[in-house]
Amino acid sequence: TGPVVEIAGALGVAFLVWWGGMQVIEGAWQATGFMAIIFILVRLVGSLRRLGETSTKIQTGLAAADRVGTILYQQTEVAETPDAVPMRGVEQGISFRGVCFSYDAEHPVLEDISFDLPKGKTLAIVGPTGSGKSTIGDLLPRFFDADAGQILIDGHDVREYTLESLRTHIAMVTQDTILFRDTISANIAYALPDTPREKIVAAARAAHAHDFIERLPNGYDTLVGERGLTLSGGERQRIAIARALLRDAPILVLDEATSALDSQSEVIVQEALEELRRGRTTITIAHRLSTVKDADMTLVIADGRIAESGVHAELLASGGLYAEAYSTQTRH
């Protein structure tokens, strides 16, 4: 519509200038009336141009509404059972019993995963890329449901709990930190928007984020860009850790939380993670083995199965996949 309106408008104005100009020369029109008509026609062409753009905006809006409607009316793949009960806390720990999972029938991701993680202990899950490490972390809060086996918290299948209460008890810090175009304070208190400022500051201090926040132009009221692009990777991770600290959930999942950081940022974030893990039941998914040496138990996942398990010293002494990977990483 744009080119059509522009061409029609230009031709219309040109014709009127020629024909109306002749009328003025012949004395049939007054010059002031002729100029008024030219002015009105130019304004009319502008209005027609905007009217032509309206059709495009309507079509764009309808397409966007269709996408939003698809999400709003889509049935979730993970559903609560009618008799689901609220989760009250963690008293014993987490257990996986023969858990199997696949995104499609032809490509199994996890097969026969079993382990026990007592309350307050840390489990490290390591292995090559694509081995299924992150999927284990995703199954615990029921982002997906296992195809076979059970995931238990305090002896109860996670499918027996309401989704809201289950996820309220789990905090996650991932490699890809999600921040919103809002203030630092609002991003930290995202899950608890009515949190007093002093608690937000306390969480930031524990996450080793307070100092860099104070150096920002407006401190905790500084706006960050979309997805936190105005902050460095280490700063975004410390904001995510402060968010998890403020949430104060008893179960913590750390999924490659330091893998994308440089060495200096990793040291600072590791110190913050030590504070975050204290007193929590933690699953740490990592690629860098040096970051999980102090875990109470380590699982080595290969091709969707548990290839090795034990503490750091035992796995090094066994001379298997863990020892080989650790030797390669420390050599570089």
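**The second largest pocket**

A: In this predicted model, the second largest pocket has a computed volume of about 230 Å³. Its lining is made up of 14 residues, and those closest to the centre are Glu274, Arg277, Thr291, Asp294 and Ala295. Two elements each give two or more residues to this lining, namely strand E3 (122–126) and helix H9 (263–277). Of the elements, H9 gives the most, with 3 residues. By class, the lining of the second largest pocket comprises 6 charged, 5 polar and 3 nonpolar residues.

For the largest pocket, the volume is about 560 Å³. The lining of the largest pocket consists of 20 residues, with Ile170, Ala171, Met172, Tyr190 and Arg243 lying nearest the centre. Here the elements that give two or more residues are helix H4 (163–168), strand E6 (170–174) and helix H8 (233–247). Strand E6 supplies the largest share of this lining, 5 residues. In terms of class, the lining of the largest pocket has 12 nonpolar, 5 charged and 3 polar residues.

Set side by side, the class counts read as follows: the lining of the second largest pocket holds 3 nonpolar and 6 charged residues, whereas that of the largest pocket holds 12 nonpolar and 5 charged residues. As for the main contributors, helix H9 gives the most to the lining of the second largest pocket, while strand E6 has the largest share in the largest pocket.

Conventions: Residues numbered from 1 in each chain as written. Predicted model: local features only at pLDDT ≥ 70, side-chain atom pairs only at ≥ 80, totals over all residues. Heavy atoms only, no water. 1 Å grid on protein atoms, 1.4 Å probe; cavity = no way out; pocket = protein on both sides within 12 Å on 5 of 7 lines; lining within 4 Å. Points joined across faces, edges and corners; volume = space filled by probe spheres on them. Helix = DSSP H or I, 4+ residues; strand = E, 2+ residues; numbered from the N terminus. Nonpolar A, V, L, I, M, F, W, Y, C, P; charged D, E, K, R; others polar.
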